[in-house]
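Subject: Structure for your review

Dear colleague,

Please find the structure below, followed by an account of what was found in it.

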Amino acid sequence: MAEKPRLKLPKEAKKGEVVEIKTLLPHIMESGQRKDKDGKAIPRKIINKFVCEFNGKPVFTANLEPAIAANPYMQFHAKVEESGTFKFTWTDDDGTITTAEESITVS
Amino acid sequence: MRQLSRRDAMALGVVGAAVTFFGPREQASAAAKEAADQITKFTGGKTATSGKVSIELPEIAENGNTVPLSVSVDSPMTADNYVSEVLVVADGNPNPGVATFQFSPLSGKAEASTRMRLATTQNIIAVAKTSKGEFFTNQKLVKVTIGGCGG
């Protein structure tokens, strides 16, 4: 995990509010379709899974295909009923896992 | 000529040379068939009802390398009635799969946005599955000026 993910979500919310979350992980998302100068296929290397959990419970999961553009961007929502921590996980084809956490205060 | 055979190879995986005889139309229909197969697999053979799903896309994508996509499904998103999964396929890409989004009642809204690559002008199809086992679908055409695959 060379690159740091970028997260954007509110720090505070009202109970029961639906908040918007934006995430971006810098990543090449090599599709496996491209060829190098010698005509050899460049092997696929993408983030194939993205997971968002809140206090350990699943909120949003995305299974990604090579058709997702480089630097996979995800925008989704979460309904918050209590203060807690969002955990974000990106899984690379080679098994590398990148995680990030962000907490939110719910009043 | 080189351009064409490379595209064919992309669309059909290995076959390559033999397929060069058929034009872009043949490869497009092959991709469309694979897209339809993925949808059938997703719904388990059930027919998806048209509606409830909305797809936001630019009408014309100038750069196929990064095309903004937003999918939303009309659903109350309560514990006993929510959208559990949404499959997005592109019927003109070498691999039609784009992404599968899984939602939960904690999602609040069945809505997700991302950015995708598109090889050519094609249809984007989204199929939503609800917790009650219903399927809804919608599709939208996007015109792509410069393709975003291979290169």
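Buried residues account for 44% of the 151 residues in chain B. Please note that this is a predicted model, and the remarks on confidence towards the end should be read with that in mind.

**Chain B: overall arrangement**

Chain B contains two helices and nine strands. Along the sequence, their order is α-α-β-β-β-β-β-β-β-β-β. Of the contacts in chain B between residues at least 6 apart in sequence, 67% link residues that are at least 24 apart.

**The nonpolar core**

The largest nonpolar core has 60 residues, and those that touch the most other members are B:V86, B:V88, B:A126, B:V127 and B:A128. Strand β5 of chain B (residues 83–90) makes the greatest contribution to this core, with six residues. As general background, nonpolar side chains in soluble globular proteins tend to be buried together.

Beyond its neighbours within four places in sequence, B:V88 is in contact with B:V71, B:V98, B:A99, B:I124 and B:A126. B:A126 itself is found in strand β8 of chain B, which spans residues 122–130. Is B:A126 buried or exposed? B:A126 is buried, because 25 other C-beta atoms lie within 10 Å, and the cut-off for a buried residue is 20 or more. Leaving out residues up to four places away in sequence, B:A126 touches B:V53, B:I55, B:V71, B:V86, B:L87, B:V88, B:T137 and B:N138. The pair B:A126 and B:V53 is separated by 73 residues in sequence, yet their C-alpha atoms are 7.3 Å apart in space.

**Strand pairing within chain B**

β5(B) and β6(B) form a hairpin, with six residues between the two strands. They run antiparallel and are joined by five bridges. Within this part of the chain, B:E85 stands opposite B:Q102 of β6(B). Five of the seven residues of β6(B) are buried, so the strand is largely enclosed by the rest of the structure.

β7(B) pairs with strand β4 of chain B (residues 67–73) in the antiparallel sense, over seven bridges. Here B:V67 has B:M116 of β7(B) as its bridge partner. β7(B) is also largely enclosed by the rest of the structure, because five of its seven residues are buried.

**The contact between the chains**

Where the two chains meet, 29 residues of chain B are in contact with 26 residues of chain A. On the side of chain B that touches chain A, the elements giving two or more residues are β6 (97–103) and β7 (110–116). The largest share of that side comes from β6(B), with seven residues. By type, the residues on this side of chain B comprise 11 nonpolar, 14 polar and four charged.

Strand pairing also crosses from one chain to the other. Strand β5 of chain A (residues 57–64) pairs with β6(B) in the antiparallel sense, over five bridges. Among the partners, A:A62 is bridged to B:F101, and A:N63 is bridged to B:T100.

**A loop residue in chain A**

In chain A, A:K45 is found in the loop between β3 (17–24) and β4 (47–54). A:K45 counts as partly exposed because it has 17 C-beta neighbours inside 10 Å. Which residues does A:K45 touch, not counting residues up to four places away in sequence? They are A:I28, A:E30, A:D93 and A:D94. One of them, A:E30, is 15 residues from A:K45 in sequence and 4.9 Å from A:K45 in space, C-alpha to C-alpha.

**Confidence**

The predictor gives the complex an ipTM of 0.93 and a pTM of 0.86. For chain B the mean pLDDT is 85, with 79% of the residues reaching 70 or more. Over residues 14–23 of chain B, however, pLDDT stays under 50, and the model has nine contacts beyond four places in sequence for this segment. Where pLDDT is low, the predicted coordinates should not be read in detail.

Yours sincerely

Terms used. Residues are numbered from 1 along each chain as its sequence is written. Chains are lettered from A and ligands numbered from 1 in the order in which they are written. This is a predicted model: local features need pLDDT of at least 70, side-chain atom pairs count only at pLDDT 80 or more; totals for chains, interfaces and linings use all residues. A nonpolar core is a set of buried Ala, Val, Leu, Ile, Met, Phe, Trp, Tyr and Cys residues joined through C-beta atoms within 7 Å. A residue is buried if 20 or more other C-beta atoms lie within 10 Å of its own, exposed if 12 or fewer, and partly exposed in between; C-beta atoms are placed from the backbone. Helices (H or I, at least four residues) and strands (E, at least two) are DSSP runs, numbered from the N terminus. Two residues are in contact if their C-beta atoms, placed from the backbone, lie within 7 Å. Ala, Val, Leu, Ile, Met, Phe, Trp, Tyr, Cys and Pro count as nonpolar, Asp, Glu, Lys and Arg as charged, and the others, Gly among them, as polar. Two strands pair if DSSP finds at least two bridges between them. pLDDT is the predictor's confidence in each residue, from 0 to 100.
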